Amino acid sequence: MTQIVKISDDALARAGGADKLAAAFEAKGCEVHRTSSWGMQWLEPLVEIDGKGFGPATLDDVDAILAGTSDKAIGVIEEHPFIAGQTRLTFARAGKTRPLSLEDYAAHGGWSGLKRARQIGPEKIVEEVTESGLRGRGGAGFPTGIKWKTVLGAPGPQKYIVCNADEGDSGTFADRMAMEGDPFALIEGMAIAGEAVGADQGYVYLRSEYPDAIRKMNAALKLCADIIAPFKCEVRVGAGAYVCGEETSLLNSLEGKRGEVRAKPPLPALEGFMGRPTVVNNVLSLAAVPHILMEGGAKQYAERGMGRSKGTMPVQLAGNIKHGGLYEVPFGITLDELVNKVGGGTASGRPIKAVQVGGPLGAYIHPDQFDIPFDYEAYAAADALIGHAGITVFDDTADMGEMARFAMEFCAAESCGKCTPCRIGSVRGQEIIDRIRTGGRKRDELELAPQMHNAKKNEGRSVEEEIGLLTDLCETMKFGSLCALGGFTPYPVMSALKHWPGDFVNNPEAVEKALDAAE
Amino acid sequence: MSTKEQKIGEIIAEHQGREGPLLPILHDVQEEFGCVDVEAEAIIAKALNLSRADVHGVVSFYHDYSPEADPRPVVQVCRAEACKARGVEKIIEQAKAAAGERVKISTVYCLGLCSAGPAARTGDDLHIRLDEQSIAKLVDNA
């Protein structure tokens with residue numbers, strides 16, 4: 001009998017050499033199945049034979065793996081603590097199926113949600129999604145059921161389902177893994193959304209930085225066109241603008257315009273793509289829907305989690321972490337568990353200095369706060385955000401002053417330019433942080449000129465005054481920006497300044513004093 | 001009609017019936033010619049009944065479109081937070097030194113390989129767990 005060997009064709013495994021590895025096993029006479037990834041990324045490329053895993057495998061390991069003598073053996077994959085500790089609902093098929101096999105998808109419960117959705121009709125679908133407690137997984141956490149209800153109730157002959165697959169946040173890759181590993185689940189979710197609100201056209205706005213996901217989604221859509229009909233769906237490729245992950249800017253981009261943010265209202269649910277009622281949902285929200293629509297799925301989903309954060313979240317462990325990858329768990333788990341227990345601390349072996357949750361716009365969290373439970377409201381109360389649930393770990397060599405400056409630099413590079421606090425504030429923010437780090441600011445030539453009557457001649461601006469200015473600027477950006485890019489950039493900046501003042505100036509007490517005064 | 005005009009015409013014809021055809025058209029033009037230049041903007045504007053300013057505004061907004069073709073091979077290095085946490089800033093100088101004038105090193109914010117950085121992209125190929133040697137080798141082979 002031919003030996004069946006499973007190797008993932010996920011982009012990360014491929015970048016690690018999975019294609020060559022697969023060819024090597026084939027040359028040895030094995031039957032290689034290219035499956036989705038289990039999400040244990042530190043072990044990629046992971047080779048699976050009869051349920052047992054070997055990784056990270058290289059070409060030199062092939063013979064030993066087949067002979068059963070490899071020192072890369074990790075035992076039975078499903079019993080590995082990283083997998084056994086998870087509750088996989090959205091990623092139930094991860095590691096188990098071939099992404100583009102309709103046969104595999106159907107054999108693992110695929111299309112049953114859509115089938116049932118078609119039987120129960122729009123009102124009941126919306127009711128079940130509401131009942132499940134599913135909240136938008138893109139970051140804002142808006143209840144999906146309520147959004148769908150609005151679109152269902154909106155008048156109009158043409159409505160749309162738009163999937164936001166512009167996953168630009170650093171430290172996040174769950175959307176990519178969902179699209180590359182289980183594309184039919186996302187498509188099924190979109191078709192169910194279409195059924196629920198009366199839309200027959202869907203678009204997946206997919207970032208150009210994900211070539212593998214683009215290829216897989218296009219292939220998957222072709223394969224299942226008959227199954228989802230009359231619902232139609234196509235992939236639209238983004239063009240490298242981070243801000244297009246914001247839903248209104250995404251819609252503008254989809255229409256072929258500059259990806260500038262729109263003011264809300266009108267809500268996209270009422271006037272979205274081409275001014276028509278549109279559901280805009282994140283990949284993870286839509287990919288969670290097929291499970292919810294299965295018999296009893298909504299109830300099963302709602303039973304998990306804590307408070308108003310229901311169900312599971314595919315958490316992404318990234319950055320300087322020993323065991324990085326995808327970890328789907330019910331809400332409520334603490335950061336300490338995620339980072340230290342599951343993630344095993346830093347990859348470098350050095351102490352953890354900071355953890356950024358929620359991508360470039362998320363706050364830097366100090367190890368002292370690691371008992372905070374994973375919950376939308378708990379994070380909001382701590383001046384932080386869950387965002388897309390990406391967790392980026394930094395060891396003690398990180399310079400948090402530099403990271404704060406980078407947050408402003410990133411905002412300046414990616415700002416759409418529509419509103420002033422974000423467009424100009426981010427540039428001024430970089431300058432102020434530079435001045436804080438170099439010890440304040442001397443009067444320049446212009447200010448010293450005798451004509452400048454109002455400029456003080458004797459002194460420059462002290463570090464304390466600069467910090468006051470930065471605090472003020474951050475307030476303005478937070479409350480005055482049109483979208484989350486300018487609005488949330490203050491989170492990483494201010495959290496870094498508050499927790500690691502020593503990375504900005506030599507005398508941290510001055511920062512504390514200045515921050516107190518600014519409040 | 002020049003061959004360029006003809007080719008752009010073909011690309012436009014392929015997408016014109018779609019809702020919001022501009023970005024797909026620009027992607028194909030960029031792919032075909034390595035840039036979306038002023039001439040291309042004018043042809044597209046005319047075909048879609050837009051002003052040239054409208055089209056130029058879109059072209060200049062997105063990082064993926066360039067006004068001039070660059071014949072150099074490109075290595076896109078991720079320099080976002082997760083790759084910074086894994087030390088990309090320590091190896092970027094090596095990459096630049098290896099690149100010299102021959103290769104273009106461009107910055108990309110996130111390739112979604114955040115637990116295995118530093119990461120880079122050449123064409124549709126992705127590279128992970130880069131260090132000083134491997135990034136220099138990557139640039140040399142670009």
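Which residues have the most contacts inside the largest nonpolar core, and how many residues does this core have?

A: The model is predicted, so to speak of local features a pLDDT of at least 70 is needed and side-chain atom pairs count only at pLDDT 80 or more, whereas totals for chains, interfaces and linings use all residues. Residues are numbered from 1 along each chain as its sequence is written, while chains are lettered from A and ligands numbered from 1 in the order in which they are written.

The largest nonpolar core has 210 residues, and those with the most contacts inside it are A:Cys163, B:Cys78 and B:Leu113. A nonpolar core here is a set of buried Ala, Val, Leu, Ile, Met, Phe, Trp, Tyr and Cys residues joined through C-beta atoms within 7 Å. A residue counts as buried if 20 or more other C-beta atoms lie within 10 Å of its own, as exposed if 12 or fewer do, and as partly exposed in between, with the C-beta atoms placed from the backbone. Helix α10 (residues 183-197) of chain A gives the largest share of this core, 10 residues; helices (H or I, at least four residues) and strands (E, at least two) are DSSP runs, numbered from the N terminus.

Leaving aside its neighbours within four places in sequence, A:Cys163 is in contact with A:Leu186, A:Met190, A:Gly202, A:Tyr203, A:Val204, A:Tyr205, A:Asn281, A:Val283 and A:Leu286, where contact means that the C-beta atoms of two residues, placed from the backbone, lie within 7 Å.

Strand β6 (residues 160-165) of chain A and β7(A) run parallel and are joined by six bridges, two strands being paired if DSSP finds at least two bridges between them. In this pairing A:Asn164 stands opposite A:Tyr205 in β7(A). On to the next strand, β7(A) also pairs in the parallel sense with strand β8 (residues 232-237) of chain A, over six bridges, and there A:Tyr205 stands opposite A:Arg236 in β8(A). Five of the six residues of strand β7 (residues 201-206) of chain A are buried, so this strand is largely enclosed by the rest of the structure. In a regular strand the side chains alternate between the two faces of the sheet.

The domain assignment of chain A gives domain 1 (4-84), domain 2 (102-302), domain 3 (305-395) and domain 4 (400-518), with bounds that come from an automatic or database domain assignment. The centres of domain 1 of chain A and domain 2 of chain A, taken over C-alpha atoms, are separated by 32 Å, and the contact takes six residues from domain 1 of chain A and six residues from domain 2 of chain A.

Chain B has seven helices and four strands, arranged along the sequence in the pattern α-α-α-α-β-α-α-β-β-β-α, and buried residues make up 40% of its 142 residues. In chain B, 31 residues are in contact with 48 residues of chain A. On the side of chain B that touches chain A, α2 (22-33), α4 (52-61), α5 (81-85) and β4 of chain B each supply at least two residues. The residues of that side divide into 19 nonpolar, seven polar and five charged, where Ala, Val, Leu, Ile, Met, Phe, Trp, Tyr, Cys and Pro count as nonpolar, Asp, Glu, Lys and Arg as charged, and the others, Gly among them, as polar.

Some backbone features complete the picture. The peptide bond from A:Gly55 to A:Pro56 is cis, with omega near -10 degrees, and A:Pro56 is placed in the loop between β4 (52-54) and α3 (62-67) of chain A. In chain B the peptide bond from B:Gly117 to B:Pro118 is cis, with omega near -5 degrees, and B:Pro118 lies in the loop between β2 (104-108) and β3 (120-122) of chain B. A:Met274 is not a glycine, yet has a positive phi of about 55 degrees; A:Met274 is found in the loop between α13 (247-254) and β9 (278-282) of chain A and is partly exposed, with 13 other C-beta atoms within 10 Å.
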